[in-house]
Structure formats: C-alpha cells, structure tokens
Amino acid sequence: IGGGSLPEESLPTTLIALPSGPSEALATALRTGHPAVVARVQDDRVVLDLRTVLPGQEEALLGRLREIV
C-alpha cells in the first residue's frame, strides 16, 4: 500500500512528534540505543509512527523516550 500496485492507497496511523530540538541527534540516539527505536525526521522534528509499535512494546518505548527526551 502506498506504492507499487496501490500508489493511491494509505494506511491510517497515529504519529507522535517530539519537542523540537537537535532532531538528527535525537533520532540517532533513539536508533542506536537498546532497544532501538526507529524514528524519522519530518519538518525538523523527530516523529514516531505508532503503527510500528507492537502490543507489549509500549513500556520499552516509553523507557527509551524518558532516557533521551
């Protein structure tokens, strides 16, 4: 969905945009920690796509965010 045979389709999601700041450094810190959190930088803000967080992973994500933000 969103490319290939269905370029006009998309999946609904919820995003979390972290407070503005050194976005590349924050994204790198999230990606290189344990557990690794894959985030993207959009409009100079780190954005997390919650459809990539599986049930049971919420506490680990919160723990990483508390460490860094």
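This dialogue walks through a predicted model of a protein, feature by feature.

User: What should I know about the model before reading it, and how are its residues numbered?

Analyst: Residues are numbered from 1 along each chain as its sequence is written, and side-chain values use heavy atoms, with hydrogens and water left out. The model is predicted, and local features need pLDDT of at least 70, side-chain atom pairs count only at pLDDT 80 or more, and totals for chains, interfaces and linings use all residues.

User: How many helices and strands does the protein have, and in what order do the elements run?

Analyst: Helices (H or I, at least four residues) and strands (E, at least two) are DSSP runs, numbered from the N terminus. In this protein there are two helices and three strands, and from the N terminus on the elements run β-α-β-β-α. The C-alpha trace of the protein spans about 40 × 30 × 20 Å along its principal axes.

User: How are the strands arranged in the sheet?

Analyst: In general, strands of a sheet pair through backbone hydrogen bonds, either parallel or antiparallel. Here two strands are said to pair if DSSP finds at least two bridges between them. The three strands form an open sheet in the order S1-S3-S2, with antiparallel pairing. The edge strands, each pairing on one side only, are S1 (15–17) and S2 (40–42). Neighbouring strands of this sheet are turned by 40° against each other on average, direction ignored; for such angles, axes are lines fitted to C-alpha atoms, for helices over the stretch in contact, and angles run from 0 to 180 degrees between N-to-C directions.

User: Which residues of S3 are bridge partners of residues in the other strands?

Analyst: Strand S3 (residues 45–49) is joined to S1 by three bridges; within this pairing Ala17 has Val47 as its bridge partner, and Leu15 stands opposite Asp49. Three bridges also join S2 to S3, which run antiparallel, and there Val41 has Val46 as its bridge partner.

User: What lies between S2 and S3?

Analyst: S2 and S3 form a hairpin with two residues between them. Asp43 lies in the loop between these strands and has a positive phi of about 55° although it is not a glycine. Asp44, found in that loop too, has a positive phi of about 60°, although it is not a glycine either.

User: Is Asp43 buried or exposed, and what about S3?

Analyst: Buried means under 20% relative accessible area, exposed over 50%, and partly exposed in between (1.4 Å probe, protein chains only). Asp43 has a relative accessible area of 70% and is therefore exposed. S3, by contrast, is mostly covered, with four of its five residues buried. Across the protein, buried residues make up 20% of the 69 residues. Ser20, in the loop between S1 and H1, has 60% relative accessibility, so this residue counts as exposed. Ser20 and Asp43 are 23 residues apart in sequence and 9.6 Å apart in space, C-alpha to C-alpha.

User: How much space lies in the largest pocket, and which residues line it?

Analyst: The general idea is that rolling a probe the size of a water molecule over the atoms shows where empty space is left. On a 1 Å grid over the protein atoms alone, a pocket is an open set of points where a 1.4 Å probe fits, with protein on both sides within 12 Å along at least five of seven lines, and lining residues have an atom within 4 Å of a point. Grid points are joined across faces, edges and corners, and a volume is the space filled by probe spheres set on the points. About 230 Å³ of space lies in the largest pocket. Its lining consists of Pro35, Ala36, Val37, Val38, Leu48, Asp49, Thr52, Val53, Gln57, Ala60 and Leu61. S3 and helix H2 (58–68) are the elements that give two or more residues to this lining.
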